[in-house]
Amino acid sequence: MKQSQWRFLSRIMPGGLLAVLLICLLTACSRQDGSHSESAVVLEPAAGLPPAASTAPASTAPAVNTNPDSIAVLVNQQTGLPEGYKPDDLVYPEVRFLFTEKIEKRMLRKEAASALEKLFAGAEEDGIMLAGVSAYRSEITQTSLFNYYVQKDGEEKAKTYSAVPGHSEHQSGLAIDVSDSAGTCAAEACFGGTEEAEWLAEHSQEYGFIIRYPEGKEDITGIKYEPWHIRYVGVEMAEEITERGITLEEYYAAVPVSK
C-alpha cells in the first residue's frame, strides 16, 4: 500500500477499524509469500502407483481358536482339549457305517452330523458310496488306542499316525474317518487314489469339511497323509482352506507341529 493511500484511509476510518484492516492485509500478504505453507501443499499420487489403500499391509491370520465348543477349534499335537472333554451335542448321523451298533465312534456333534448327511447324499448322487469308519472317540478310548500303537511301533512312530490322548480331533466330535461302502482300505494308505478319496478331496469343502491331513503337509500337521480323515469347520472356512491349499495350522499361522 502506498503512503498516500495509507494517509487517506487514516483520515476517513476510525482507528480500531483501520487496525483490523491492517491485520487482514498483512495476513493476506503472508499467505501469498508463503506458498510452501501446509495449506498450499497438494500431493498427487505418482503415475502408475496403486491407491494408498491397496498398499496397506495384508490382514493377519486369525488368532488360534482353542475353544473346544467352537467348530473352528484347532486340535493337534500342540493344542489339546480340556481334560476329559466331551461335546454335549453328540448325535448319531443318519449315514451308512461299516457297523450297525450305535456306539460312541458312530457319533458326531449335531452340526457336523447334519453336514455329513448332506455330504454322503451328494456323493451318492455322483455315484460314490461312502461309509463311516470312526467318528467321535473319548479320551479314554484314545488313550487305549495310542498306548497300543506305542507298544506296537514305539512312541515316536506312533505319534506320526495317532494323536496323543487329549489331542485327538476325534475327541472334538468334529472329525470322522470314511471309506467306500465295502470298507476296502478303510483307514489305510491304499484308500488314497480311490474314487471315494478323489471325490472327498474335490467336494468335501462344499459341505464344510476339509481333508485334515493332506499329502505333503506332514511336517506341519505332524500326522501322515490321511485322505480318509475329514474334519468339519464350516463351509466358509473349509472353502478358504481348500482354495488356498493349506492346513488348519497354516490358516491360523500356528507353529508347525514338528518344530
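**Figure 1. Overview of the chain, with its ten helices and six strands.** The model shown is predicted. Of the 259 residues of the chain, 41% count as buried. Contacts in the chain with a separation of 6 or more come, for 67% of their number, from residues 24 or more positions apart.

**Figure 2. Strand 4 and its pairing with strand 3 and strand 6.** Strand 4 covers residues 175-180. This strand is mostly covered, and six of its six residues are buried. Strand 4 pairs with strand 3 in the antiparallel sense, over four bridges. Leucine 130 stands opposite aspartate 180 of strand 4. Strand 4 also pairs with strand 6, again in the antiparallel sense, over three bridges. Alanine 175 has arginine 231, in strand 6, as its bridge partner.

Figure 3. Is phenylalanine 99 buried or exposed? Its relative accessibility is 14%, so phenylalanine 99 counts as buried, the cut-off being under 20%. When residues up to four places away in sequence are not counted, phenylalanine 99 touches Lys105, Arg106 and Val133. Valine 133 is 34 residues from phenylalanine 99 in sequence, and the C-alpha atoms of the two are 8.1 Å apart in space.

**Figure 4. The ring pair of phenylalanine 97 and phenylalanine 99.** A pair of aromatic rings is described by the distance of the centres and the angle of the planes. In the whole structure, a search finds six aromatic pairs. For phenylalanine 97 and phenylalanine 99, the ring centres are 5.3 Å apart and the planes are at 50°, so this pair is tilted. Phenylalanine 97 and phenylalanine 99 are both buried.

**Figure 5. The ring pair of tyrosine 148 and tyrosine 149.** What is the angle between the ring planes of tyrosine 148 and tyrosine 149? The planes are at 55° and the ring centres are 5.6 Å apart, so the pair of tyrosine 148 and tyrosine 149 is tilted. Tyrosine 148 has a relative accessible area of 47% and is partly exposed. Tyrosine 149 is partly exposed too, with a relative accessible area of 21%. Ring pairs join Tyr148 and Tyr149 with Tyr161 in a cluster.

**Figure 6. The largest pocket, with a volume of about 530 Å³.** There are 26 residues in the lining of the largest pocket. Nearest the centre of this pocket lie Tyr149, Tyr161, Asp177, Ala187 and Glu226. Two or more lining residues come from each of strand 3 (130-134), helix 4 (139-153), helix 6 (169-172) and strand 6 (226-232). Which element gives the most to the lining of the largest pocket? Helix 4 does, with six residues. By class, the lining of the largest pocket holds eleven nonpolar, six polar and nine charged residues. Two residues that lie nearest the centre, Tyr149 and Tyr161, also belong to the cluster of ring pairs with Tyr148.

**Figure 7. The second largest pocket, with a volume of about 270 Å³.** This pocket is lined by 15 residues, and Ala201, Ile211, Pro214, Glu215 and Thr242 are the closest to its centre. Helix 7 (195-203), strand 5 (209-213) and helix 9 (235-244) are the elements that give two or more residues to the lining. Helix 7 has the largest share of the lining, three residues. Nine nonpolar, three polar and three charged residues make up the lining of the second largest pocket.

**Figure 8. The largest cavity, with about 40 Å³ of space.** How many cavities of 30 Å³ or more does a search of the whole structure find? The search finds one. The residues that line the largest cavity are Val75, Asn76, Gln77, Ala163, His167, Glu169, Tyr213, Thr221 and Ile223. Of these lining residues, four are nonpolar, four are polar and one is charged.

Methods:
Residues numbered from 1 in each chain as written. Predicted model: local features only at pLDDT ≥ 70, side-chain atom pairs only at ≥ 80, totals over all residues. Heavy atoms only, no water. Buried < 20%, exposed > 50% of the residue type's maximum accessible area, 1.4 Å probe, protein only. Contact = heavy atoms within 4.5 Å. 1 Å grid on protein atoms, 1.4 Å probe; cavity = no way out; pocket = protein on both sides within 12 Å on 5 of 7 lines; lining within 4 Å. Points joined across faces, edges and corners; volume = space filled by probe spheres on them. Nonpolar A, V, L, I, M, F, W, Y, C, P; charged D, E, K, R; others polar. Phe/Tyr/Trp six-rings, centres within 6.5 Å; stacked < 30°, edge-to-face > 60°. Pairing = 2+ DSSP bridges.
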